Amino acid sequence: MSRIGNSPVKIPDGVTIEVKDSVVTVKGKLGELSQEFSGIDIKVEDGSVVLERPSDNNEHKAKHGLYRALINNMVEGVTNGWTKQLELVGVGYRASNQGQKLDLALGFSHNIVLDIAPEVQIETISEKGKNPIVKLTSHDKQLVGQVAAKIRSFRKPEPYKGKGVKFVGEQLRRKAGKSA
């Protein structure tokens with residue numbers, strides 16, 4: 001039984017939720033998000049969104065919790081937004097941005113230039129003596145995660161020295177080097 005799907009999603013002030021033709025649309029101060037759904041009944045009643053499944057088969061159980069989590073993430077996104085921070089660990093690793101273009105120097109022969117989606121705000125922080133940080137902010141949690149994963153995929157952290165692109169606060173699994 002889905003315990004996540006049973007709890008209602010509270011609608012904060014300034015957020016409107018509309019359910020029409022198997023599409024949920026959430027509007028707030030930071031933007032508008034929409035999500036298609038199927039197999040689940042979604043109702044907006046007195047300040048909260050309630051999801052009900054028609055039967056107890058496995059597909060409906062899975063979608064029950066999934067759609068509740070997606071709607072909750074959309075509500076959270078249009079009210080507060082989502083942020084991911086990536087840290088560039090390594091000698092000579094640098095990051096800079098001009099508008100929506102991210103320029104990464106990750107030890108390859110050429111810099112990597114990445115066009116970021118317009119819904120994602122990008123900020124690069126470079127302080128002397130500290131690793132450069134790339135900060136991604138948006139109202140769409142899935143998009144922020146996808147862009148962050150793309151940036152991380154250019155140079156994943158390696159287990160011996162920890163060099164590479166990692167999330168801020170991520171615990172890396174380190175290995176011991178050669179023992180003489």
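Guide: Let's start with a word we will need: a residue is buried when its relative accessible area is under 20%, exposed when that area is over 50%, and partly exposed in between. Please keep in mind that we are looking at a predicted model.

Visitor: Happy to. Which residues of α3 are called buried?

Guide: In α3, Leu143, Val144, Val147, Ala148, Ile151 and Arg152 are buried. Because their directions from the axis cover an arc of only 170 degrees, these residues sit on the same side of α3.

Visitor: How do you know that α3 has the span expected of a helix?

Guide: Helix α3 runs over residues 141-153, which gives 13 residues. The expected span is 1.5 Å times one less than the number of residues. From first C-alpha to last, α3 reaches 18 Å, close to the 18 Å expected.

Visitor: How do you know which class Ser55 belongs to?

Guide: Ser55 has 29% relative accessibility, a value between 20% and 50%, so Ser55 is partly exposed too. You will find Ser55 in the loop between β6 and α2. Its C-alpha lies 22 Å from that of Lys20, which is 35 residues away in sequence.

Visitor: Now the loops. What makes the phi of Asp21 worth a look?

Guide: Most residues other than glycine have a negative phi. Asp21 has a positive one, near 50 degrees, and is not a glycine. Asp21 sits in the loop between β2 (16-20) and β3 (23-28). With 69% relative accessibility, Asp21 is over the 50% cut-off and therefore counts as exposed.

Visitor: Where does Asp46 lie, and why is Asp46 called exposed?

Guide: Asp46 lies in the loop between β5 (41-45) and β6 (48-52). Its relative accessibility of 74% is over 50%, so Asp46 counts as exposed. Asp46 also has a positive phi, about 30 degrees, without being a glycine.

Visitor: Let's turn to the spaces in the protein. How many cavities of 30 Å³ or more does the search find?

Guide: One, in a search of the whole structure. The volume of this largest cavity is about 30 Å³. Its lining is made by Val24, Gln35, Glu36, Phe37, Ile42, Tyr67, Leu70 and Ile71. Two or more residues come from each of β4 (31-36) and α2 (58-79), and the largest share, three residues, is from α2.

Visitor: What classes of residue make up that lining?

Guide: The lining of the largest cavity has six nonpolar residues, one polar and one charged.

Visitor: What makes a pocket something other than a cavity?

Guide: A cavity is a space that the probe cannot get out of, whereas a pocket is open. The largest pocket has a volume of about 160 Å³. It is lined by Leu33, Ser34, Gln35, Leu70, Asn73, Met74, Asp140, Lys141 and Gln142. The elements giving two or more of these residues are β4, α2 and α3. By class, the pocket lining holds three nonpolar, four polar and two charged residues.

Visitor: Last one: which residues does the uL6 domain annotation cover?

Guide: According to the unreviewed UniProt entry, "domain: Large ribosomal subunit protein uL6 alpha-beta" covers residues 11-81 and 89-166. In the model, residues 11-81 are 31% helix and 38% strand, with end C-alpha atoms 15 Å apart. Residues 89-166 are 17% helix and 37% strand, and their end C-alpha atoms lie 8 Å apart.

Conventions
Residues are numbered from 1 along each chain as its sequence is written. This is a predicted model: local features need pLDDT of at least 70, side-chain atom pairs count only at pLDDT 80 or more; totals for chains, interfaces and linings use all residues. Side-chain values use heavy atoms; hydrogens and water are left out. UniProt positions are given in the numbering used here, feature names are shortened, and annotations may be inferred rather than shown by experiment. Helices (H or I, at least four residues) and strands (E, at least two) are DSSP runs, numbered from the N terminus. On a 1 Å grid over the protein atoms alone, a cavity is a set of points where a 1.4 Å probe fits but cannot get out, and a pocket is an open set with protein on both sides within 12 Å along at least five of seven lines; lining residues have an atom within 4 Å of a point. Grid points are joined across faces, edges and corners, and a volume is the space filled by probe spheres set on the points. Ala, Val, Leu, Ile, Met, Phe, Trp, Tyr, Cys and Pro count as nonpolar, Asp, Glu, Lys and Arg as charged, and the others, Gly among them, as polar. Buried means under 20% relative accessible area, exposed over 50%, partly exposed in between (1.4 Å probe, protein chains only). The arc is that of the directions from the helix axis to the C-beta atoms.
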